[in-house]
Amino acid sequence: MNGEFLGGVIDLNDTEVTPSGRIELGEVRLEPGTASLEVESVGPAPATGRQVFGFDAVSIEPVMNFVTRWQVIGPFDNPGQEGSELTVGLDIPYPPEQEIDLSQTYEGMNSREVGWRLIETDESGYVNLDALFTPNELSCVYGAVWIESPDARVVDCLLGSDDWVGLWLNGERVHEHVLHRPAEPDQDHVRLSLRKGVNTLLIKVGDDYGGWGYYLRIPDPDGVLVIRPTP
Ligand SMILES: [Ca+2]
Ligand SMILES: [Ca+2]
């Protein structure tokens, strides 16, 4: 692509034209504008003395590099309020908003002790809080990851949540969206001003009822960031 060999060879010696192979190009960075894709056919096939080929389709799928490993802690109370369908847990500052100490435990819902734990999502990238925590109604949790950046830079952060969400970068609240919704990838777009070195990203997600969870990704097309579930 664009003059660079991406690999992918289909070695054929058929006497008929048949659907016969698939070439995976792997991860390709597309810049704005036109990209060219060239295919070379080497032949002819000895059995027939001719060569014919064609494309059935070219499929391009976005690389969705979700953050899949998280430290999570909860659940904490996310009470309702009179006269509103929305819950108010985002405005209750539980201890992870003052300190992130993975060795600490705190009082969670129903006076139960809660501590940080490492979780990993399936390949969808969805952090399924409803399956990870009980109680899982009128509840909220925190998730934390650490982002190491080679320099100070502004990056995109795309997230989806069920239901409301708050986001802190290095202790400063950089995003909030209080609503009731099912989670889809990329519902909210936040710009994060990273500093050089290690940055702490804290997400807080509250459920009223039903499904509960979130997606979060930081595209990082140059692959310069290290995102990990430990400080
Ligand atoms: Ca729930
Ligand atoms: Ca929900």
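Me: A strand here is a DSSP run of E, at least two residues long, numbered from the N terminus. In which element does Pro-75 lie?
Reply: In this predicted model, Pro-75 lies in strand S1.

Me: What makes the bond that joins Gly-74 and Pro-75 cis?
Reply: Its omega is about 0°. Another cis bond runs from Thr-134 to Pro-135, with omega near -5°. Pro-135 lies in the loop between helix H1 (129-132) and S6.

Me: Why is Leu-138 called partly exposed?
Reply: Buried needs 20 or more other C-beta atoms within 10 Å, and exposed needs 12 or fewer. Leu-138 has 17, so it falls in between and is partly exposed. Leu-138 is placed in the loop between H1 and S6. Its phi is positive, about 50°, although Leu-138 is not a glycine.

Me: Why does Asp-186 get the label partly exposed?
Reply: Asp-186 has 14 other C-beta atoms within 10 Å, so it too sits between the cut-offs of 12 and 20. Asp-186 is found in the loop between strand S9 (172-177) and strand S10 (188-194). Asp-186 is not a glycine, yet its phi is positive, about 65°.

Me: How do you know that Val-205 is in contact with Tyr-214?
Reply: Contact requires C-beta atoms within 7 Å. Tyr-214 is among the residues that Val-205 touches, so the pair meets that cut-off. Val-205 also touches Leu-129, Cys-140, Val-141, Ser-161 and Val-165, leaving aside residues up to four places away in sequence.

Me: What makes Val-205 stand out in the largest nonpolar core?
Reply: That core has 34 residues, and Val-205 is one of those with the most contacts inside it. Elements giving two or more residues include strand S1 (69-77) and strand S11 (197-207). S6 gives the largest share, six residues.

Terms used
Residues are numbered from 1 along each chain as its sequence is written. Chains are lettered from A and ligands numbered from 1 in the order in which they are written. This is a predicted model: local features need pLDDT of at least 70, side-chain atom pairs count only at pLDDT 80 or more; totals for chains, interfaces and linings use all residues. A nonpolar core is a set of buried Ala, Val, Leu, Ile, Met, Phe, Trp, Tyr and Cys residues joined through C-beta atoms within 7 Å. Helices (H or I, at least four residues) and strands (E, at least two) are DSSP runs, numbered from the N terminus. Two residues are in contact if their C-beta atoms, placed from the backbone, lie within 7 Å.
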